[in-house]
Amino acid sequence: MQVIRSPKVYDVCIVGSGAAGGMAAKILTEGGLEVVMLEAGPTLDPNKDFKEHVWPYDLAHRGAGIAGMYYNIPYINEFTAPNAFFTIKGEPYTTAPDTKFMWLRSRIVGGRTNHWARIALRFAEVDFRGRSTDGMGDDWPITYQDLAPYYDKVESYIGVFGTKENIPSAPDGVFLPPPKPRCTETIIKKACNNLNILCVPSRLAIITKEVNGRPACHYCAQCERGCMTASNFSSSQVLIPPAMATGRMTLIPNAMAREVLVGKDGKAQAVSYVDKATRQERQIRARAFVIGASACESARLLLNSKSTLFPDGLGNSSGVVGRYLTDSVGSSGYGYFPQLEKVPPHNHDGVGGMHMYIPWWKFDRKNDFLRGYHVEFGGGRGMPRVGQFNNICRQSEGYGSALKQKCHDSYGNYIGLGGRGEMIPNAQTYCEIDPDVADEWGIPVLRFHFKWSDNEIKMAKDMQETFRAIVEQAGGTYLTKVETTGDYPYRISVGGVILHELGTARMGTNPKTSALNGFCQAHDVKNVFVTDGAAFVSNPDKNPTLTILALSWRASDYLLQQAKQGSL
Amino acid sequence: MSSEGIDRRNLLKTLAAVPASALIRLIPRQTAEAVHNTVQGAKARATAGAYAPRFFNAHEYATLRALCQAIIPPDGRWGGAVEAGAPEFIDLLTSENEDYQQRLGGGIIWLDATCQKRFDNVYTKCSPVEQKEILDLIAYRANGEKDPSLAPGIGFFSLLRELTADGFFTSKIGIEYLGYMGNKYLLEFPGCPPVPGL
């Protein structure tokens with residue numbers, strides 16, 4: 001088999017088209033560089049691919065999918081934007097015998113930014129200084145002050161709504177006005193006030209005023225389906241188009257990167273990849289490389305890039321690649337709120353996400369556990385969906401008009417709450433190359449090891465106590481049964497399912513204990529950058545995407561500067 | 001600024017006035033309407049003429065319809081599960097899902113056998129009183145504790161009840177019955193209507 005080598009040498013080859021790759025593409029092309037981007041999935045066409053405004057009854061499967069496949073999978077249903085998968089035929093991953101890990105990959109231009117919840121939270125000062133604060137984990141090699149200008153730039157460019165609240169653990173940003181609270185949020189807010197729990201407008205990457213020609217949101221609450229008006233943020237609709245518009249961007253879809261090839265001079269020279277359509281191996285050459293394939297895929301790419309110079313994988317002389325893997329601590333519950341029965345029928349939709357949230361509020365006291373969590377909540381009269389009345393059917397049993405009425409009367413009166421907390425890296429949680437398994441492209445796959453430690457379990461316990469307290473303070477009934485023992489005590493989530501994998505090629509000042517410097521540049525290979533979640537040193541109680549965007553913008557600015565100096 | 005819903009046609013006219021830009025991909029009005037009409041057209045073709053079940057045979061499908069109707073009947077001004085298309089939805093899923101084939105297919109046969117034993121007739125040929133009697137038994141888990149021979153029917157009915165609810169509450173009738181008022185285009189989100197005590 002002949003490997004097809006492209007004659008052209010691009011300035012930069014970007015692997016991955018999501019938050020990290022998309023941001024790098026925009027900054028680097030606008031900065032004058034010729035960029036080629038490899039994306040493992042196909043292109044996205046909002047005209048054809050988005051099911052925004054489709055009713056369940058417009059689909060024969062009503063949202064449940066063929067054979068009802070979506071009944072038991074979180075997040076994904078027939079309506080969601082395409083190509084988010086926990087299981088990809090031909091592209092498996094494995095887990096150690098004592099591990100359950102669910103790994104979501106979005107094989108499509110824009111990656112997981114087509115599917116994310118748009119929660120855009122800045123990391124706080126203390127989040128960059130974990131070890132200095134309480135001796136656990138490590139400090140970042142950068143500070144909040146280093147990143148703050150980039151948070152400003154990102155929020156201004158993509159548009160984030162919120163309000164300035166002056167909460168130390170939840171820094172304020174550049175905000176558009178938030179939408180008004182729903183009835184459900186009004187109830188939770190009141191209960192939180194009585195419990196001295198902070199509850200403020202949320203910060204979401206959804207625009208409530210026109211931004212850069214993108215119309216404002218029209219409040220259909222279907223963000224996860226994709227947005228035809230680009231009123232929420234995705235890389236596919238907000239970062240890739242301006243990059244393409246420069247005329248300096250080549251996007252190669254259906255390209256599965258296999259390894260980064262290194263020359264005798266120790267610099268990366270090319271990416272070898274499989275063109276999925278023809279199943280041919282190709283190489284693309286560039287002077288510099290930005291890896292943004294998502295934390296674990298980026299680690300996988302580095303680990304598979306073995307050479308005599310880098311027998312343990314590109315940029316892995318420290319041995320940290322694949323290590324320090326974390327996901328957010330998750331736990332959820334729900335309650336029934338009789339006061340919602342009195343609300344007249346009205347349009348409850350709003351944006352596709354919560355209008356208010358609970359930022360970490362117990363930062364001023366000693367808790368049973370270190371670090372913290374935020375709480376998201378939602379419910380009320382959303383678009384009816386399959387599976388929605390399972391619980392009431394199991395509770396009420398029976399059949400006939402009485403059952404019909406019970407479903408009707410209970411509709412819209414539930415609110416669910418979910419905690420998202422900080423996981424401190426531990427030695428039992430990491431990913432590595434499985435020596436026995438390769439995918440259908442002949443690329444060795446990842447094997448995951450995942451374990452919660454006591455700190456996370458205590459945090460989940462606290463989350464459950466918080467949910468119950470809020471629901472009961474509001475006069476509701478907390479309906480969730482909580483096991484305190486077993487594999488998932490206090491309903492702690494399965495590893496990976498919160499979709500915040502981070503840390504697998506972490507940055508640091510010491511090349512013996514980190515893979516990258518503060519600009520996401522590999523210590524070992526100066527012309528390789530990893531700007532996605534792999535670079536993170538900690539996984540605090542804030543969703544990572546806003547920080548990925550900021551880090552990638554900052555790294556891209558640095559790359560431009562280094563390129564001008566001729567240092568790459 | 002008005003916060004009333006505006007229909008899709010008007011919104012897309014408004015959007016067309018926004019300067020086309022490389023930064024956004026707007027769905028052209030013609031394409032949106034074409035997609036909408038195609039979906040509606042497919043639905044219309046599907047409902048015109050009798051439905052030919054993909055998995056259940058004619059008798060089983062008639063039994064399925066009768067059960068769906070019993071689980072969520074029409075009442076007052078509101079239609080029931082049959083009018084909402086629940087039997088078609090259930091038949092479609094069952095034709096694709098082997099687990100449902102076993103549990104629902106087997107359940108209908110169990111029901112007929114049980115009715116035959118008790119009432120000397122298959123379910124659809126039993127009187128309304130007899131039908132009520134058997135459904136009252138299999139609609140409640142507690143009855144299985146008293147009479148374990150009911151267990152297969154109870155498991156069957158529990159699954160059917162949930163799928164029937166899904167088929168009803170995701171239909172146009174069901175969504176209107178619930179009073180869901182969303183899936184519109186709003187220029188502003190109006191928030192929570194005034195409710196005493198909220």
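**Chain B**

I began with chain B and counted nine helices and zero strands in its secondary structure. I was working from a predicted model. I then looked up burial: of the 198 residues in chain B, 34% are buried. I also took the contacts in chain B between residues at least 6 apart in sequence, and 58% of these join residues at least 24 apart.

**Where chain B touches chain A**

How many residues of each chain are in contact? I found 58 residues of chain B in contact with 67 residues of chain A. On the chain B side, the elements giving two or more residues are helix 1 (8-17), helix 2 (29-47), helix 3 (58-71), helix 4 (86-96), helix 8 (151-169) and helix 9 (172-178). Helix 8 of chain B gives the most to this side, with six residues. I sorted the side of chain B that touches chain A by class and got 35 nonpolar, 12 polar and 11 charged residues.

**Domains of chain A**

I noted that chain A is divided into domain 1 (1-40 + 100-118 + 121-159 + 233-316 + 497-568) and domain 2 (167-226 + 329-421 + 453-491). The centres of these two domains, taken over C-alpha atoms, are separated by 33 Å. Their contact takes 21 residues from domain 1 of chain A and 26 residues from domain 2 of chain A. Helix 4 (residues 144-158) of chain A supplies the largest share of the domain 1 side, five residues.

**Nonpolar cores**

I looked up the largest nonpolar core next, and it has 128 residues. The residues with the most contacts inside this core are V12(A), C13(A), A25(A), V35(A), V271(A) and F289(A). Helix 12 (residues 545-565) of chain A gives the most to this core, with eight residues. Why does this core lie between domain 1 and domain 2 of chain A? Both domains give residues to the core, so I place it between them.

I followed one of its residues, C13(A), leaving aside neighbours within four places in sequence. C13(A) is in contact with V36(A), L38(A), V271(A), I284(A), A286(A) and F289(A). I also noted a second, separate core of 50 residues, which includes F89(B), L104(B), L135(B) and L160(B).

**A sheet in chain A**

I traced an open sheet of four strands in chain A, in the order 13-14-11-17, with antiparallel pairing. Which strands are at the edges? They are strand 13 (373-379) and strand 17 (477-478) of chain A, each pairing on one side only. Strand 11 (residues 329-336) and strand 14 (residues 414-421) of chain A run antiparallel and are joined by eight bridges. I checked V329(A), and its bridge partner in strand 14 of chain A is G421(A). Helix 11 (residues 454-473) of chain A lies across strand 11, strand 13, strand 14 and strand 17 of chain A. This helix runs at about 20 degrees to strand 11 of chain A.

**H53(A)**

My last entry is on H53(A), which I found in the loop between helix 2 (46-49) and strand 3 (84-85) of chain A. Why does H53(A) count as partly exposed? It has 19 other C-beta atoms within 10 Å, whereas a buried residue has 20 or more. F79(A) is 26 residues from H53(A) along the chain, and I noted that their C-alpha atoms are separated by 9.5 Å.

Definitions and conventions
Residues are numbered from 1 along each chain as its sequence is written. Chains are lettered from A and ligands numbered from 1 in the order in which they are written. This is a predicted model: local features need pLDDT of at least 70, side-chain atom pairs count only at pLDDT 80 or more; totals for chains, interfaces and linings use all residues. Two residues are in contact if their C-beta atoms, placed from the backbone, lie within 7 Å. Ala, Val, Leu, Ile, Met, Phe, Trp, Tyr, Cys and Pro count as nonpolar, Asp, Glu, Lys and Arg as charged, and the others, Gly among them, as polar. A nonpolar core is a set of buried Ala, Val, Leu, Ile, Met, Phe, Trp, Tyr and Cys residues joined through C-beta atoms within 7 Å. A residue is buried if 20 or more other C-beta atoms lie within 10 Å of its own, exposed if 12 or fewer, and partly exposed in between; C-beta atoms are placed from the backbone. Domain bounds come from an automatic or database domain assignment. Two strands pair if DSSP finds at least two bridges between them. Axes are lines fitted to C-alpha atoms, for helices over the stretch in contact, and angles run from 0 to 180 degrees between N-to-C directions.
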